[in-house]
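Colleague: Thanks for making time for me today. Could you walk me through this one, starting with the ligands?

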Amino acid sequence: MSTTARIERHLYDVVVIGAGGAGLRAAIEARLAGKRTAIISKSLFGKAHTVMAEGGAAAAMGNVNSKDNWMVHFRDTMRGGKFLNNFRMAELHAKEAPERIWELETYGALFDRTKDGKISQRNFGGHEYPRLAHVGDRTGLELIRTLQQKIVSLQQEDFAETGSYESRIRVFSETTITELLLDGDRVAGAFGYYRESGEFLLLEAPAVILATGGVGRSYKVTSNSWEYTGDGHALALRAGATLINMEFLQFHPTGMVWPPSVKGILVTESVRGDGGVLRNSEGKRFMFDYVPDVFRKQYADTEEEADRWYTDPDNNRRPPELLPRDEVARAINSEVKAGRGTKAGGVLLDVSTRMPAETIIKRLPSMHHQFKELADVDITKEPMEVGPTCHYVMGGVEVEPDTAAAMGTVQGLFAAGEVSGGMHGSNRLGGNSLSDLLVFGKRAGEHAAAYGETLSKRPKVSTKDLEAAVTTALAPLQRQSGENPYGLQQDLQAVMGDLVGIIRREGELTDALKRIQELKLRVANVGATGGRRYNPGWHLALDLRNMMIVSECTAKAALEREESRGGHTREDFPAMSPQWRLVNLVCSLDDGGDVHLERKPLPTMRDELIQLFDRTELSKYLTEDEMSRFDANAESTEAK
Amino acid sequence: MGTKRHFRVWRGDESGGDIQDYDVEVNEGEVVLDIIHRLQATQTPDLACRWNCKAGKCGSCSVEINGKPRLGCMTRMSTFEEDETVTITPLRTFPVIRDLVTDVSFNYEKARETPAFAPPPGVAPGEYRMQQVDVERSQEFRKCIECFLCQNTCHVVRDHEENKEAFSGPRYFIRAAELDMHPLDDRDDRKQYAQANQGLGFCNITKCCTEVCPEHIKITDNAIIPMKERVVDKRYDPLVWLGRKIFRRDELEQEVPTPAGAAAPFSSARRAELPDIREDGKMNVTEITLDTQGGPSPFGDQEFPMPADRLSYHKPEPQD
Ligand SMILES: Cc1cc2nc3c(=O)[nH]c(=O)nc-3n(C[C@H](O)[C@H](O)[C@H](O)COP(=O)(O)OP(=O)(O)OC[C@H]3O[C@@H](n4cnc5c(N)ncnc54)[C@H](O)[C@@H]3O)c2cc1C
Ligand code: SF4
Ligand code: SF4
Ligand code: FES
């Protein structure tokens with residue numbers, strides 16, 4: 001009891017875990033609904049991962065090509081995800097993204113403009129029309145700063161009214177949540193520590209929104225930061241929620257490969273969208289050899305046509321460099337494996353021969369800067385060396401599409417952003433994440449606020465649970481001579497990178513699962529030297545527990561899914577199978593803390609949505625049964 | 001494959017600490033942050049430092065490297081001599097929490113005190129129309145990654161804790177300038193506000209902030225000077241103007257205090273600008289009376305007035 005008596009307690013209506021785009025947008029909405037809202041973030045305010053997004057936010061505003069609309073965007077998203085997406089999420093996303101982007105302008109965002117003064121939109125892999133609202137190549141920074149400043153402006157309003165900036169919305173920065181606390185099946189609060197002091201805190205709230213981002217830190221070559229340890233995924237599992245699509249990880253085709261210390265850092269897709277081309281060490285523009293049948297109609301087969309597309313997109317097909325990310329990543333992987341890569345194991349991405357130096361500096365300022373500073377390469381003069389890097393997890397908390405409420409046994413838990421699953425299916429299109437954050441962040445905030453109102457009494461945190469949370473959190477410090485967490489993290493990264501990477505095989509996946517079990521035992525004995533104040537060793541020791549569960553989900557689901565689709569490639573099952581398209585793999589935790597995997601049917605697309613596609617395209621994805629249903633429906637609509 | 005190099009890292013917390021010596025392996029292409037990570041992984045798991053993106057995008061990893069405010073992730077080891085000792089210390093202007101991590105909450109408080117964007121009334125979302133040339137001025141300032149290196153460097157607060165209350169610092173001057181130049185912002189008192197409430201007058205254009213900005217934002221030329229100029233415009237008084245030009249410095253009525261520790265090479269203890277608006281309603285336009293600004297910058301002398309071709313600011317046309 002004495003251990004818990006001194007814990008700082010706070011009461012809120014809505015607690016948002018995560019201060020990236022999704023978390024901030026959710027918090028704004030909860031506060032606008034009049035709720036007392038807390039925002040928790042592992043790093044400082046404004047530093048979340050969203051800050052690193054470069055290319056843009058996809059929204060069918062039709063500013064550059066007026067043929068664009070939500071239906072085209074919906075189609076592209078489903079195609080990109082290989083039809084495994086939750087169709088309702090993809091629909092809501094395509095419909096609501098433009099409003100969410102326009103709203104940002106009323107918060108003060110300054111996107112790049114078209115000639116007639118509207119928001120400019122750029123081409124991006126997998127999008128049929130120029131669709132990404134952008135600011136140079138620092139769109140994520142603009143997005144997070146805008147939301148951050150909107151929160152400040154709400155705090156200023158509250159200050160004017162109540163005399164306190166924090167009366168309705170408070171940011172707990174550098175604070176990590178380690179446990180969600182329940183009252184029966186209902187969320188009652190979140191428990192965590194201040195990184196700065198190591199002191200514990202308890203936030204009591206009937207509704208919690210997870211917006212914790214992704215899991216990339218389990219891989220060695222990744223564009224993700226230390227924050228991405230899958231905390232939200234693991235918190236959800238432990239609270240009784242379910243995860244879907246965990247086998248699908250996006251390897252971004254173009255990460256830096258040299259120098260070694262920056263291996264993995266992202267080279268934005270806009271480099272290709274703006275005219276950059278990929279060549280192997282023999283100088284060949286190899287992407288033309290890798291256009292899969294399903295995409296033949298949309299992609300050019302000669303360099304001449306591809307080059308014309310940049311200026312005349314209506315009469316030419318797009319260059320194959322702009323294929324969805326998984327295709328490009330696999331193509332690069334094959335080229336390197338076939339011995340046509342560079343010494344450092346990459347291929348060449350070139351803009352220097354494609355446009356004048358001033359244009360490069362104007363359009364890709366932060367890439368120019370990044371290569372200059374980190375690799376001493378001037379991209380206006382030389383090509384960049386690039387290779388695949390772990391970038392984004394499509395899988396995540398299974399949610400109810402309209403409300404963002406987590407499925408499973410838990411109530412009062414919501415999830416938005418990268419931590420949620422379903423929206424992107426087996427592969428996410430570039431630019432669809434930033435808009436996803438806004439669309440579902442808003443929805444999560446709105447519905448979390450509304451959920452609280454339906455309760456007749458506040459769920460209560462039990463002292464026993466709180467004590468257990470404290471004990472777990474302190475455990476690594478009690479084992480000062482336990483194993484070094486950094487070593488363990490490296491071992492996990494090696495297992496995931498080598499055995500559950502871009503190309504997967506049954507034997508390796510089984511092996512990976514065995515090793516993860518061994519690692520789990522070692523994590524139970526991990527130690528942290530030093531005290532509680534700002535101690536990164538201790539923090540990592542606690543994060544490792546989450547990384548293990550999430551990695552286990554990925555490996556298990558990858559072993560189960562015997563086909564190749566989007567961000568999941570099985571060497572032993574190289575084809576995409578219409579039967580597997582009907583299946584979602586759902587992870588939950590069993591009583592022993594191990595991952596339990598279940599198959600669940602994919603929701604069926606509504607008729608008016610499926611009819612947005614043409615028959616030949618659908619026939620590449622759907623089973624014969626589904627196709628005959630499609631034909632029957634098409635006939636009956638015609639008859640009407 | 002790597003070579004062992006010598007590092008000195010400040011370790012400690014608010015109760016005190018000292019510089020400790022380490023020998024660490026350095027490989028080709030590495031940056032200072034890699035070395036800190038290697039230290040954590042091999043020798044000192046509890047060494048505290050902030051970082052996120054490792055690509056100069058988040059502004060978390062600000063430290064002082066050999067006395068200069070830098071981003072750890074953007075400082076390549078190859079910029080040092082092979083046998084050079086590299087000393088890493090926390091930002092000096094903010095209170096230390098532990099090791100290389102400082103309490104930067106000062107900046108978040110100042111952010112909160114800077115009035116937010118005021119949306120134009122009657123313009124619906126989706127109806128905002130702006131020309132690229134007009135947004136570019138503000139976009140330059142929105143590149144800011146909030147690394148707070150400029151805040152750390154500015155002598156007005158670096159050695160003068162007492163100025164923190166009244167002085168928002170360069171990061172928030174560019175925020176004010178950004179909104180002032182925003183084509184649709186509905187407030188027209190940004191510059192007056194900056195003078196009256198943000199302590200713009202303390203700034204004596206030493207340009208140290210511009211020099212450390214990793215985003216290469218021209219903080220002084222493009223934000224501070226225009227903000228000052230425009231305030232001067234409003235209160236332009238030809239006599240004072242002329243007077244300033246013909247008096248020599250030693251003939252001016254105000255004594256210029258000699259700062260303590262001005263001789264130390266890395267001290268940024270420089271005179272703050274004298275109060276902006278004197279009791280008689282006139283201003284000290286120090287830019288015009290001084291040949292150098294507020295004593296030497298640790299990064300070399302600044303010339304003033306600035307050559308006109310380096311002022312890239314153009315006053316926006318009035319909008320209807
Ligand atoms: C280099 C790079 C470039 C990208 N470019 C694009 C692009 O051009 N277009 C696009 O659409 N997408 C892009 N993405 C993807 C996109 O940026 C991310 O998917 C998106 O930003 C995720 O946002 P989020 O709000 O879900 O989470 P994040 O922004 O990652 O925020 C997660 C938050 O949760 C907090 N958190 C995590 N765990 C805890 C815990 N236990 N306790 C408390 N707080 C916690 C973190 O501190 C952080 O504040 C890019 C990603 C990367 C890495
Ligand atoms: S110019 Fe000098 S005094 Fe003015 S804000 Fe920058 S560092 Fe401070
Ligand atoms: S203006 Fe430059 S130095 Fe200052 S906080 Fe922003 S990015 Fe950093
Ligand atoms: S780690 Fe993000 S700027 Fe250095």
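Modeller: Happy to! A residue counts as near a molecule if one of its heavy atoms lies within 4 Å of it. Please keep in mind that this is a predicted model.

Colleague: Which residues are around ligand 2, and how many of them are charged?

Modeller: The residues around ligand 2 come from chain B, and include B:C154, B:H155, B:C203, B:K207 and B:C209. Sorted by class, this shell has six nonpolar and four polar residues. The number of charged residues is one.

Colleague: And ligand 1: which element gives the most residues to the shell?

Modeller: Ligand 1 is surrounded by 40 residues, with A:T50, A:E227, A:Y228, A:D231 and A:E418 the closest. In chain A, α2 (21–32), β8 (175–183), β16 (384–393) and α12 (432–454) each supply at least two residues of that shell. The element giving the most, with four residues, is α12(A).

Colleague: What percentage of ligand 1 does the protein bury?

Modeller: Let me begin with some polar contacts, for which N or O atoms must lie within 3.5 Å. A polar side-chain atom of A:T50 lies 2.4 Å from a ligand 1 oxygen atom, and one of A:D231 is 2.7 Å from a nitrogen atom of ligand 1. Taken alone, ligand 1 exposes 1000 Å², and the share of this that the protein buries is 99%.

Colleague: Now for the aromatic rings. Why is the pair A:F159 and A:Y165 stacked?

Modeller: Over all chains the count is 18 aromatic pairs. Planes under 30 degrees apart count as stacked. The ring centres of A:F159 and A:Y165 are 4.2 Å apart, and because their planes are at 15 degrees, the pair is stacked.

Colleague: What kind of aromatic pair do A:W309 and A:Y310 form?

Modeller: The two ring centres of A:W309 and A:Y310 are 5.3 Å apart, with 70 degrees between the planes.

Colleague: One last thing: which ring does the charged end of A:K47 sit over?

Modeller: Within chain A, the charged end of A:R36 sits over the ring of A:Y12, 4.7 Å from its centre. For A:K47, the charged end is 5.5 Å from the centre of the ring, and that ring belongs to B:F148.

Terms used. Residues are numbered from 1 along each chain as its sequence is written. Chains are lettered from A and ligands numbered from 1 in the order in which they are written. This is a predicted model: local features need pLDDT of at least 70, side-chain atom pairs count only at pLDDT 80 or more; totals for chains, interfaces and linings use all residues. Side-chain values use heavy atoms; hydrogens and water are left out. A polar contact is a pair of N or O atoms within 3.5 Å; within protein, one must be able to donate a hydrogen and the other to accept it, and residues adjacent in sequence count only if both atoms are side-chain atoms. Accessible areas come from the Shrake-Rupley method with a 1.4 Å probe; for residues, only the protein chains shown count as cover. Ala, Val, Leu, Ile, Met, Phe, Trp, Tyr, Cys and Pro count as nonpolar, Asp, Glu, Lys and Arg as charged, and the others, Gly among them, as polar. Rings of Phe, Tyr and Trp (its six-membered ring) pair if their centres lie within 6.5 Å; planes under 30 degrees apart count as stacked, over 60 as edge-to-face and the rest as tilted. A charge sits over a ring if NZ of Lys or CZ of Arg is within 6 Å of the ring centre and within 35 degrees of the ring normal.
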